[in-house]
Amino acid sequence: TREWIALRPAHGRPLLLPSWIREEPFARHWLAEAAMLVTTWGVTCYEALFWGTPALMLSQTAATAQDALRLAEASHGAVLTGGVLETLLPQVLRRIVEDLCQNPARRQLMHDASIGLLDGQGAVRAAHAILTLTTETK
């Protein structure tokens, strides 16, 4: 059986987890090694795509749910969206996670769909664009 690990959120508040889930500080290597990721919508979803880690995104608001849905569609199934946390029934979330856990072929398809979507050079392109803008205004 696989070990369950929860990554400590950046805000540092303690997580209330069952004893069988080990909490670890956030580290990118966990994303690369994970068989699957359940996370809220945000930058971590893009990091999961970069590493090829199948991800289920949960949204905290209806607005971010739309963003998550657009990413799920654009990724051709590399990431999935589970909806808005506030309205998501625990048994529905449990069923989605269990289905993914029990279906390695589906997770492999998600991994395969993520290959090549991101190159990890977004920060370099952003820095270049900023330098170009500041150079042009002088």
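1. Confidence. Across the chain of this predicted model, the mean pLDDT is 81, and 84% of the residues reach 70 or more. Confidence is lowest in strand S1 (residues 4-8), where the mean is 67, and highest in helix H5, where it is 92.

2. An open sheet is formed by three strands in the order S3-S4-S5, with parallel pairing. Strands S3 (37-40) and S5 (79-84) are the edge strands; each has a single partner strand, so one side of each lacks a neighbour in the sheet. From one strand to the next, the twist averages 25°.

3. Pairing of S4 with S5. Four bridges join strand S4 (residues 55-59) to S5 in the parallel sense. Within this pair, Leu-56 stands opposite Leu-80 of S5.

4. Helices on the sheet. Helix H3 (residues 62-74) packs on the sheet and touches S4 and S5, its direction making about 160° with that of S5. Helix H4 (residues 90-101) lies across S3, S4 and S5 and runs at about 165° to S4.

5. Surroundings of Leu-80. This residue belongs to strand S5. Its relative accessible area is 16%, and Leu-80 is therefore buried, the cut-off being under 20%. Leaving aside residues up to four places away in sequence, Leu-80 touches Ala-55, Leu-56, Met-57, Leu-100, Arg-106 and Met-110. One of these contacts, Met-57, is 23 residues from Leu-80 in sequence, while the C-alpha to C-alpha distance between the two is 6.0 Å.

6. Helix H2. The buried residues of helix H2 (residues 43-51) are Thr-44, Cys-45, Glu-47, Ala-48 and Leu-49. The packing partners of the buried H2 residues are helix H1 (28-33), S3, S4, H3, S5 and helix H5 (104-114). Just after H2, Gly-52 adopts a positive phi of about 80°.

7. Cysteines. The structure holds zero disulfides. Cys-101, by contrast, is partly exposed, as its relative accessible area is 33%.

Conventions
Residues numbered from 1 in each chain as written. Predicted model: local features only at pLDDT ≥ 70, side-chain atom pairs only at ≥ 80, totals over all residues. Heavy atoms only, no water. Pairing = 2+ DSSP bridges. Helix = DSSP H or I, 4+ residues; strand = E, 2+ residues; numbered from the N terminus. Axes fitted to C-alpha atoms, helices over the stretch in contact; angles between N-to-C directions. Contact = heavy atoms within 4.5 Å. Disulfide = S-S within 2.5 Å. Buried < 20%, exposed > 50% of the residue type's maximum accessible area, 1.4 Å probe, protein only. pLDDT = per-residue confidence, 0-100.
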